[in-house]
Amino acid sequence: MISDDFHYGSAKAMLILCQYSVWKGTEDISTEEVMSLIQNHADALFTYDVSTSTSDGITTYTYKVQYAGDDYFADEIFRLNEKEKQKALDYASNLQIFLYGSMMGAVSAQVSAEVWHIAIS
């Protein structure tokens with residue numbers, strides 16, 4: 001049996017990218033570097049505990065997967081101070097509004113087709 005709370009949620013990729021942007025500087029963004037940082041910290045990002053129980057001669061192994069959380073990136077990888085963390089949150093909020101028209105992640109963006117094409121290219 002696998003108990004994986006992360007399966008029902010997700011890392012806030014937009015926030016992580018904005019934290020990276022604050023850490024690195026907006027002119028030096030490298031998706032390859034972000035992916036490498038995530039891969040290098042994979043063992044700390046996800047951990048698991050195993051427990052066993054036996055009933056009627058059947059042993060059940062329960063694996064509980066745990067995600068360190070999005071704060072792990074700001075605190076352990078990018079080592080942002082409180083002002084920088086707030087700046088990353090502001091970046092993410094603005095990006096969310098630009099791409100989706102609200103903080104709720106609505107599907108439609110409030111931009112022209114030409115701007116949308118440039119933004120996703």
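This is a predicted model: local features need pLDDT of at least 70, side-chain atom pairs count only at pLDDT 80 or more; totals for chains, interfaces and linings use all residues.

Visitor: So which residues have the most contacts inside the largest nonpolar core?
Guide: Those are Tyr-20, Leu-37, Phe-73, Ile-77, Phe-78, Leu-80 and Ala-88, in a core of 16 residues. A nonpolar core here is a set of buried Ala, Val, Leu, Ile, Met, Phe, Trp, Tyr and Cys residues joined through side-chain atoms within 4.5 Å. Buried is under 20% relative accessible area, exposed is over 50%, and partly exposed is in between (1.4 Å probe, protein chains only).

Visitor: Which helix gives the most to this core?
Guide: Helix 1, with 5 residues. At least two core residues come from each of helix 1, helix 2 (31-40), helix 4 (71-77) and helix 5. Helices are DSSP runs (H or I, at least four residues), numbered from the N terminus.

Visitor: What does Leu-37 touch?
Guide: Leaving out residues up to four places away in sequence, Leu-37 touches Tyr-20, Trp-23, Ile-77 and Phe-78. Contact means heavy atoms within 4.5 Å.

Visitor: At what angle do helix 1 and helix 2 pack?
Guide: About 110 degrees, with the axes 11 Å apart. Axes are lines fitted to C-alpha atoms, for helices over the stretch in contact, and angles run from 0 to 180 degrees between N-to-C directions. That makes helix 1 roughly perpendicular to helix 2. The cut-offs are under 35 degrees for roughly parallel, over 145 for roughly antiparallel, 65 to 115 for roughly perpendicular, and oblique for the rest.

Visitor: Who meets whom there?
Guide: Leu-17, Tyr-20, Trp-23 and Lys-24 in helix 1 meet Glu-33, Val-34 and Leu-37 in helix 2.

Visitor: And how far apart are the axes of helix 1 and helix 5?
Guide: 8 Å, and helix 1 (residues 13-24) packs on helix 5 (residues 82-100) at about 130 degrees. So helix 1 is oblique to helix 5. Among the residues meeting there are Met-14, Cys-18 and Val-22 in helix 1, and Ala-88, Tyr-91 and Leu-95 in helix 5.

Visitor: Switching topic: where does Glu-76 lie?
Guide: In helix 4. Glu-76 counts as partly exposed because its relative accessibility is 39%.

How values were computed. Residues are numbered from 1 along each chain as its sequence is written. Side-chain values use heavy atoms; hydrogens and water are left out.
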